[in-house]
Amino acid sequence: MTLFKQIAIMLSIFLLIILATVLTLNFQSANKSVQDRLYEDAKNTATSLSLSLGNANGDISIMSTMINANFDSGYYRNIILIDVDKKVLYKRETETEVLNIPKWFLNFVNIKAPIANANVSAGWSQVGILNVQSDTTYAYKQLYSIFKSLLISFAIISSLGLIILNLLIHTILRPLKEVQKQAAAVIKNEFIIQKNIPYTKEFKDVVLGMNNMVSKVKAMFDKGNEELKAHKELEYIDQVTKLKNRKYFIDKLPSYLKIDASSKSGVNIILSINEMGETNKKLGHSKMNTFLVNIANIFTQNTKNTQDAVISRMNGTDFFILLPGYSSDIALEITKSIKTSCIDIIESLNLDEEKTSISIGIYEYICTDTIPQLLSRSDNALAQAKFSHSTYIEKSSNSLEVMGKEAWKSIINLAIEKNKFYFVPWSVIDTKNKKLDHHVLSINLTIDKNTSYSYAQFMAPAIEAGLSYKIYKNILNLLFKTPQIVLKAKKYALRLPLEYLEATNSYNEISSLLQTNAATLPFKLIIELPDKLVNNNSALIMQYKKLFDMYNIDIGIFEFIGESDDYQYLQNIKPVYIKGEGNYFLTQNTQSLSALRLITDSVDISIIAVGVVDIKILKELQKKGIELFQGKVTEDLEI
Amino acid sequence: MLKSKVFILLLSLFFVPLALAKEPYVEKPLLDKIVTKYNVFAKKRFFYLQKSLTLANEKNDLEKLEIVNNFFNEVKYLTDIINYKKSDYWATPWEFLGKDRGDCEDYVISKYFALKYLGVEPKKLFFTYVKSTKFKAPHMVLTYFETPKSEPLILDNYNRKIFPASKRKDLTPIYHFNGDVLNQIGKAKKSHKKWDQLKLNMKRKKI
């Protein structure tokens with residue numbers, strides 16, 4: 001219960017007790033006053049009537065008449081004249097019925113009118129004693145009216161009191177609300193600095209303390225961000241041409257050489273400057289650098305219209321241009337243009353075209369190639385190009401398909417129609433705490449007992465056939481609508497590819513699924529988003545974040561290679577973890593990794609190494625401070 | 001054996017009068033205060049009052065009436081407006097005898113409480129408002145009814161002797177009340193304004 005509620009309840013009870021006490025005392029006072037009045041009226045009547053009766057000289061008939069006159073003109077319960085021997089000389093009595101007063105009130109109040117008496121004499125002789133008792137009917141009516149008025153006043157004063165009390169507590173505790181917001185923000189790793197410093201000393205100290213703490217954490221994050229940016233520039237950028245370097249190329253390749261890559265195939269253009277040493281001698285260091293920059297500009301200029309091109313300087317003489325999704329025919333056209341532009345530059349520098357020349361090889365890869373395969377086949381294409389003095393095209397010897405395109409299309413369509421996709425959980429292990437962190441969901445396509453295909457098998461043809469959107473739509477329905485049937489653990493992560501997230505209807509579909517089913521999901525869900533989508537901080541990603549936050553779904557980031565210009569997006573998106581290839585973390589230098597740890601620790605993000613296949617690599621990663629692992633190695637870990 | 005019986009007898013002779021002795025009409029602490037406020041003559045008056053009451057204690061009602069009436073009728077008459085600067089004030093017996101002054105109600109009150117002290121039944125004593133035909137003025141006397149139906153005796157400060165009502169042609173009865181009847185209502189309720197105030201002053205030992 002919040003402090004506000006506790007104080008409000010306590011003070012409200014206190015206020016109501018005070019008001020109820022005042023109400024009770026008021027009513028008791030009114031009750032006493034009415035009863036006193038009843039007696040005083042009776043007493044006055046007894047005295048004045050006894051004086052009058054004294055004039056009757058003991059004549060009972062005159063005295064009876066006098067009593068009748070008094071009784072009829074006033075409100076009396078009874079008037080009784082008793083003689084000196086205690087015998088009743090005359091008596092008038094009325095049984096009154098109290099009308100329009102609830103019975104509970106009559107029982108609750110129970111007015112007893114006291115009997116007033118006075119001596120009656122005739123001359124010097126005593127006649128007896130006159131007893132007079134007032135009628136309580138009027139008193140009940142009066143008291144009931146007072147009671148109603150008091151209740152109405154009580155209700156009005158209570159309501160006003162409670163409203164004023166509420167406003168007062170709100171005003172007094174407003175700074176606490178701000179402090180609470182700030183504390184909640186700290187829990188969510190948000191850096192909010194409170195500008196309005198409260199007047200109340202205790203709150204002021206807390207706010208200043210929290211501001212100080214938040215400032216320090218923010219400074220830590222900013223420092224990590226700056227350091228990582230600086231390291232990334234040194235690590236991934238060629239200092240002469242400002243193109244990406246070999247390391248970047250190698251780190252980036254896994255996102256293109258995977259079964260569910262957005263492009264099933266592509267080309268890698270390898271360009272090499274021949275006789276670089278001679279050229280350098282002739283031009284000198286400064287002009288040589290200008291020459292290289294101009295060459296780099298030609299590469300950039302000629303690939304500006306191609307999507308996702310990765311241009312890297314692999315070493316002093318060789319350049320790679322990776323064009324995912326493009327064929328060798330287009331690559332050939334691009335290389336022609338590049339070659340022409342390069343010859344122009346060579347001529348403009350009066351260099352010997354026989355010696356200073358460009359050799360171009362093209363390797364047409366497919367997404368199932370490994371990185372060594374792509375590099376060696378690219379080298380081979382370049383060697384052939386140099387040997388033949390012409391552009392050489394080499395094609396991948398791997399094959400994507402065990403079945404024909406149409407057969408795959410038919411199977412996948414059938415699976416979509418009949419809901420034949422099933423989840424296969426893979427473990428992510430926390431080696432520090434020796435426990436399972438969560439499961440990552442992979443998907444199998446199982447037509448029947450004997451026909452089952454893994455994600456690696458069916459996804460590439462599915463992308464080829466343009467069916468990946470439909471597959472993810474199907475498995476999201478499966479996950480949200482029947483989670484209890486297939487999933488028993490506490491935490492699952494589902495990876496959503498870029499193509500699905502960017503599709504026009506995806507946001508609305510996910511939103512609708514969450515609205516209907518998120519509340520009943522029997523496990524904690526983490527949606528993994530690709531770093532490529534997240535790191536641009538787009539409106540779309542913020543829209544997804546808002547949606548997932550609303551339904552208490554965490555965000556994870558996969559394919560992290562730290563290629564962003566600014567890591568502020570990690571603070572904005574606040575993922576629970578970032579997943580990167582084990583090899584990526586292994587090749588990071590100590591400074592880069594420290595800077596990354598500074599960022600992730602300051603906003604409470606875990607780092608998970610994926611694709612870790614053996615214990616040896618796991619141990620090396622552990623030495624770099626990484627404790628969470630995904631991949632084949634988890635099968636050998638005991639928890 | 002004989003010696004012990006004699007000892008017990010002597011002891012009883014010593015203690016029995018103590019046990020039978022009545023509380024004084026005015027207790028010592030109150031008497032000290034009266035002396036402080038008034039003077040030593042006041043103390044003397046209370047001493048004589050106590051002496052008269054002790055004397056009357058063993059007498060019958062009529063003799064008690066006589067002694068009490070005579071004693072208080074020695075006090076000098078003085079109107080309330082001079083005595084207390086109030087038009088009408090009912091003084092306690094201590095104020096009345098302390099000042100040695102009072103009006104007709106003060107005589108009646110002091111006589112009433114002295115008689116009550118002496119064991120006269122309060123139901124026989126009435127405060128009676130009368131008209132004095134001699135002085136053509138309202139007046140109050142204490143009336144004593146041997147039985148409810150018997151002729152009352154009048155204890156008056158104008159006529160110092162006690163007479164049956166029929167002998168007091170100078171007085172016309174108007175109204176009377178009895179303290180006992182008024183007290184039946186209980187302490188919390190009001191019964192008679194002057195009587196209630198007097199009871200309160202008595203309780204507070206007003207001097």
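1. Contacts of A:Ile526. Apart from neighbours within four places in sequence, A:Ile526 is in contact with A:His438, A:Lys491, A:Ala493, A:Asp554, A:Gly556 and A:Val576; two residues are in contact if their C-beta atoms, placed from the backbone, lie within 7 Å. A:Ile526 belongs to strand E15 (residues 524-530) of chain A; helices (H or I, at least four residues) and strands (E, at least two) are DSSP runs, numbered from the N terminus. A:Ile526 is buried, with 24 other C-beta atoms within 10 Å. A residue is buried if 20 or more other C-beta atoms lie within 10 Å of its own, exposed if 12 or fewer, and partly exposed in between, with C-beta atoms placed from the backbone. A separation of 9.2 Å is found between the C-alpha atoms of A:Ile526 and A:Phe548, which are 22 residues apart along the chain.

2. Basis of the note. This is a predicted model, in which local features need pLDDT of at least 70 and side-chain atom pairs count only at pLDDT 80 or more, while totals for chains, interfaces and linings use all residues. Residues are numbered from 1 along each chain as its sequence is written, and chains are lettered from A and ligands numbered from 1 in the order in which they are written.

3. Parallel strands around E14(A). Four of the five residues of strand E14 (residues 491-495) of chain A are buried, and the strand is mostly covered. E14(A) pairs with E15(A) in the parallel sense over five bridges, and two strands pair if DSSP finds at least two bridges between them. Within this pairing, A:Lys491 stands opposite A:Lys524 in E15(A). E14(A) is also paired with E12(A), again in the parallel sense, over three bridges; here A:Val440 has A:Ala493 in E14(A) as its bridge partner.

4. Strand E3 (residues 115-122) of chain A is largely enclosed by the rest of the structure, because six of its eight residues are buried. Its antiparallel pairing with strand E4 (residues 125-134) of chain A runs over eight bridges, and A:Gly128 in E4(A) is the bridge partner of A:Val120. The two strands form a hairpin with two residues between them, and A:Gly123 in the turn has a positive phi of about 65°.

5. Helix H10(A). Helix H10 (residues 405-418) of chain A has 14 residues and reaches 20 Å from its first C-alpha to its last, close to the 20 Å expected at 1.5 Å a residue; the expected span is 1.5 Å times one less than the number of residues. Its buried residues are A:Trp408, A:Ile412 and A:Ala415. These residues cover an arc of only 60° around the axis, so they lie on the same side of H10(A); the arc is that of the directions from the helix axis to the C-beta atoms. The buried residues pack against strand E11 (421-430), strand E12 (435-448) and helix H11 (455-464) of chain A. The face turned away from the buried side carries the exposed residues A:Glu406, A:Ala407, A:Leu414, A:Glu417 and A:Lys418.

6. Most residues other than glycine have a negative phi. Just after H10(A), A:Asn419 takes a positive phi of about 55°. A:Glu559 also has a positive phi of about 55° and lies in the loop between strand E16 (554-558) and helix H18 (568-573) of chain A. Phi of A:Lys86 is near 70°, in the loop between strand E1 (76-83) and strand E2 (88-93) of chain A. A:Glu559 is buried, with 25 other C-beta atoms within 10 Å, whereas A:Lys86 counts as exposed, with 9 C-beta neighbours inside 10 Å.

7. The sheet of chain B. Chain B has nine helices and seven strands, and buried residues make up 33% of its 207 residues. Five strands form an open sheet in the order E6-E5-E4-E3-E7 (chain B), with antiparallel pairing. Strand E6 (163-164) and E7 of chain B stand at the edges, each with a single partner strand, so one side of each lacks a neighbour in the sheet. Strand E3 (residues 125-132) of chain B pairs with E7(B) over six bridges, and B:Val130 stands opposite B:Pro173 in E7(B).

8. Contact between the chains. Chain B gives 16 residues to the contact and chain A gives 14 residues. On the side of chain B that touches chain A, strand E7 (residues 171-177) of chain B gives the most, with four residues.
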